[in-house]
Amino acid sequence: MSAEERDMRAAEFVLGTLDGEQRRAFEKQMDHDPALRDLVNLWEARLVGLNDTTSVVQPPQRVWIEIERVIAPGAVDDAVQAPLKTPWWQSLMLWRMTTAAALLALLAVLVPVLTQGPVQGPEALPVYDVVLRDTQDQPQWMVVCDWRAREVAVSRVAAAAPAAGKAHELWLVRGEGVAPISLGVLSGNEIQRSLPANATWRDTKALAVSLEPAGGSPTGVPTGPVLYAAPVSI
């Protein structure tokens, strides 16, 4: 691989545009190629500050409909009765859609920057300010995920309380095939708590709320349908 190809591949890795097999191969190559790891570090340093300047882009309703068709076919179209074979958080389509929406927002400001040289400096941690919407594209919860303070603040916009014996649980959705991390049950109108120690902004692809039994998921991973979600910038 030429120097130019190595640089471009490192940028694609940081942007998350490599597919699963390409990404795994690249990660293996980095294990024994320190210079390639350094290239990735340079691209991460170059791009990380853009999160603070990138506005959150909410997917249009048609994207929501397609997400629902994948994660809960019966809820969207009674004519489609295919069983849900995998949990919604393992849905490749969900991961791709939320990543694509976030990339659109990021790439809008990236083009001029990609032609500049690497930027040296300390890592600037992002703050995600997103609105979780329902299948009708209506805002239901506001979430501020501050990676600098490692805190998450949640405000109810219009979400109705769950039925008796049920609870709303907030999840940090990560990459394809990786279990989400619970950010806790949503009770009350204003919630603020610390982010889990194992949560990282680089792994975060979306925030979502699922319907769980009272007290939250008994398994540590989502067991009910996703009700509200929002992609986040990479």
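Trainee: How far apart in helix α2 are Arg23 and Glu27?
Mentor: They are four residues apart, so about one helical turn separates Arg23 from Glu27. Helices here are DSSP runs of H or I with at least four residues, strands are runs of E with at least two, and both are numbered from the N terminus. In general, an α-helix has 3.6 residues a turn, so residues three or four places apart point the same way.

Trainee: And what do their side chains do?
Mentor: Arg23 and Glu27 meet in a salt bridge, with 3.9 Å from N to O. The term means a side-chain nitrogen of Lys or Arg within 4 Å of a carboxyl oxygen of Asp or Glu.

Trainee: Before I get carried away, what kind of model is this?
Mentor: It is a predicted model, where local features need pLDDT of at least 70 and side-chain atom pairs count only at pLDDT 80 or more, while totals for chains, interfaces and linings use all residues. Residues are numbered from 1 along each chain as its sequence is written, and side-chain values use heavy atoms, leaving out hydrogens and water.

Trainee: Which other residues of α1 are buried along with Arg6?
Mentor: Ala10, Ala11, Phe13, Val14 and Leu15.

Trainee: What span should α1 have?
Mentor: Its 13 residues should span 18 Å, and its end C-alpha atoms are 19 Å apart, which agrees. The expected span is 1.5 Å times one less than the number of residues. After α1 comes Gly16, with a positive phi near 85°.

Trainee: Switching to the strands: how do β1 and β2 pair?
Mentor: They run antiparallel and share seven bridges. Two strands count as paired if DSSP finds at least two bridges between them. Asp129 stands opposite Val144 of β2. On β2, Val144 also stands opposite Ala153 in β3, and β2 pairs with β3 (residues 151-156) in the antiparallel sense over six bridges.

Trainee: What about the turns? Which residue between β1 and β2 has a positive phi?
Mentor: That would be Asp137, at about 65°, in a hairpin with five residues between the strands. Asp137 is not a glycine, and for context, most residues other than glycine have a negative phi. The β2-β3 hairpin has four residues between its strands, and there Arg150 has a positive phi of about 55°. Arg150 is partly exposed, at 29% relative accessible area.

Trainee: Back to Asp137, what is its salt-bridge partner?
Mentor: Arg133, with closest N and O atoms 4.0 Å apart. Arg133 is buried at 18% relative accessible area, whereas Asp137 is partly exposed at 23%.

Trainee: Where is Asp134, then?
Mentor: Asp134 lies in the loop between β1 (127-133) and β2 (139-146). Asp134 is buried but has no salt bridge, and the nearest side chain of opposite charge, Arg133, is 7.3 Å away. For charges, Lys and Arg are positive and Asp and Glu negative, with His and the chain ends not counted.

Trainee: What lies 2.9 Å from a polar atom of the Asp134 side chain?
Mentor: The backbone nitrogen of Gln136.

Trainee: Last one: how far is Val130 from Val232?
Mentor: Their C-alpha atoms are separated by 7.3 Å, though the two residues are 102 apart along the chain. Val130 is in strand β1 and is buried, at 1% relative accessibility.

Methods:
Buried < 20%, exposed > 50% of the residue type's maximum accessible area, 1.4 Å probe, protein only. Polar contact = N/O pair within 3.5 Å; in protein donor to acceptor, adjacent residues only side chain to side chain.
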